[in-house]
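This briefing is meant for a reader meeting the structure for the first time. Please look over the sequence and the model before reading on.

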Amino acid sequence: MNGALEKDKNLLGNFKIEDAIAAMYKSLTAEHLVKALTTIRERMQEGGHLVVAVKPGNEQGLELRTVSTPDGQNWFAAFTCMEEEIKKKQEYVSGFTAEIEKLLTLTLNSEEVVGIIVNPWEKPLKLTKEHIRLIVGGQA
């Protein structure tokens, strides 16, 4: 993970993810979901990053911030840009960038979350572990 800057070159291509999510919200079809998953895989292959919120944690230092959905499930929160991350700060957190591939792998190996929510505040994209396996495995 690297310190995030608003103009971080690793975030520049994330408009593609935002566009895919926007298209998905215009027409909630399986085709648009597949396009969003494929776009995330492409950004991963390009070495792209997402912004993750961190907070002071246990003895290891920092923890990734999670968000809870109304059904009580916990998800890692990830953002396509710093502007998305700062839309709703409920507590003191800092934003850092993380390689998409490493974040997906971390999520698959975490028992505390069911997946990642990309841009959780407005038009969220919930990536379940099943979706993440498709992205990482190239099957989307």
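Predicted model: local features only at pLDDT ≥ 70, side-chain atom pairs only at ≥ 80, totals over all residues.

Is Arg-43 buried or exposed? Arg-43 is buried, because its relative accessible area is 6% and the cut-off for a buried residue is under 20%.

**Salt bridges**

- The count of salt bridges comes to three, and one of them brings together the side chains of Lys-16 and Glu-46, with a nitrogen-to-oxygen distance of 3.3 Å.
- This pair links distant parts of the chain, since Lys-16 belongs to helix 1 (residues 15-26) while Glu-46 lies in the loop between helix 2 (30-45) and strand 2 (49-56), 30 residues apart.
- Lys-16 has a relative accessibility of 34% and therefore counts as partly exposed, and Glu-46, at 45%, counts as partly exposed as well.
- Glu-46 also meets the side chain of Arg-43 in a salt bridge, here with 2.7 Å from N to O, and Arg-43 is the residue described above as buried.
- A further salt bridge joins the side chains of Glu-99 and Lys-102 at 3.5 Å, N to O; Glu-99 is partly exposed, with a relative accessible area of 34%, whereas Lys-102, at 55% relative accessibility, counts as exposed.
- Through salt bridges that share partners, Lys-16, Arg-43 and Glu-46 are joined into one network.

**Helix 2 against helix 4**

- Helix 2 packs with helix 4 (residues 100-108) at an angle of about 120°, and their axes are 8 Å apart.

**The buried side of helix 1**

- Helix 1 has twelve residues, which at 1.5 Å a residue should span 16 Å, and this agrees with the 16 Å between its end C-alpha atoms.
- The buried residues of helix 1 are Ile-17, Ala-20, Ile-21 and Met-24, and because they cover an arc of only 100° around the axis, they lie on the same side of helix 1.
- An α-helix has 3.6 residues a turn, so residues three or four places apart point the same way.

- Thr-80 sits in the loop between strand 5 (74-79) and helix 3 (82-85), and with a relative accessibility of 1% Thr-80 counts as buried.
- When residues up to four places away in sequence are not counted, Thr-80 touches Leu-11, Asn-14, Ile-17, Glu-18, Leu-50, Val-118 and Asn-119, and Ile-17 is among the buried residues of helix 1.
- Lys-123 lies in the loop between strand 7 (115-118) and strand 8 (125-128), and a relative accessible area of 44% makes Lys-123 partly exposed.
- Although Lys-123 and Ala-22 are 101 residues apart along the chain, their C-alpha atoms are separated by 7.6 Å.
- Leaving aside neighbours within four places in sequence, Lys-123 is in contact with Ile-21, Tyr-25 and Val-118, and Val-118 is also touched by Thr-80.

Terms used. Residues numbered from 1 in each chain as written. Heavy atoms only, no water. Salt bridge = Lys/Arg side-chain N within 4 Å of Asp/Glu carboxyl O. Helix = DSSP H or I, 4+ residues; strand = E, 2+ residues; numbered from the N terminus. Buried < 20%, exposed > 50% of the residue type's maximum accessible area, 1.4 Å probe, protein only. Contact = heavy atoms within 4.5 Å. Expected span 1.5 Å × (residues − 1). Arc of directions from axis to C-beta. Axes fitted to C-alpha atoms, helices over the stretch in contact; angles between N-to-C directions.
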